Amino acid sequence: MWIVYALLAAFFAAVVAILAKIGIEGVNSNLAVAIRTVVVLAMAWIIVFVTGKHSEIAAITQKSWIFLVLSGFATGFSWLFFYKALQIGDVAKVVPIDKLSIVITMLLAFAILGEPVSVKTIIGAILITIGTLVLVL
């Protein structure tokens, strides 16, 4: 089932870039991110309450709070920089560079999380990097 969710995430990430590029015309990129964030925030809390998961907030550990907050800051910076790049660049070039996050995530997963490195993952990371360079140069 995770593959279905991952494919849906990829589809909606693609739609985000297109809708953002159209919507950001004549709008400050930081203001655009703020508007997007309000929508995401409202949507997320509605889902939490509709599914009854709000009662689990008290069980979240301090460690989880710290890392979720840090993840939120990273998301914010990612969105701010992505929207600024979209505002001044071509979507077809901005998005491939943004997706280099795949390679960076893999490297961080190996280094920080101790996930196993294989020949397949190394080749995949190299191909993604080469593909990105081909698309943007």
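Modeller: The chain averages a pLDDT of 96, and 100% of the residues score at least 70. This is a predicted model, in which local features need pLDDT of at least 70 and side-chain atom pairs count only at pLDDT 80 or more, while totals for chains, interfaces and linings use all residues. Residues are numbered from 1 along each chain as its sequence is written, and side-chain values use heavy atoms, with hydrogens and water left out.

Biologist: What makes a set of residues a nonpolar core?

Modeller: Its members must be buried Ala, Val, Leu, Ile, Met, Phe, Trp, Tyr or Cys residues joined through side-chain atoms within 4.5 Å. Buried means under 20% relative accessible area, exposed over 50%, and partly exposed in between (1.4 Å probe, protein chains only). The largest such core has eleven residues, among them Ala 17, Ala 20, Trp 79, Tyr 83 and Leu 86. Helices α1, α2, α3 (62-88) and α4 (91-98) each supply at least two of its residues, and α3 gives the largest share, four.

Biologist: With which residues is Ala 20 in contact, leaving aside its neighbours within four places in sequence?

Modeller: Ala 20 is in contact with Tyr 83 and Leu 86, where contact means heavy atoms within 4.5 Å.

Biologist: Why is the pairing of Glu 56 and Lys 53 called a salt bridge?

Modeller: A salt bridge requires a side-chain nitrogen of Lys or Arg within 4 Å of a carboxyl oxygen of Asp or Glu. The N to O distance for Glu 56 and Lys 53 is 3.6 Å, so the pair qualifies. Lys 99 and Asp 98 also meet in a salt bridge, at 3.6 Å, and the count comes to two.

Note on methods
pLDDT = per-residue confidence, 0-100.
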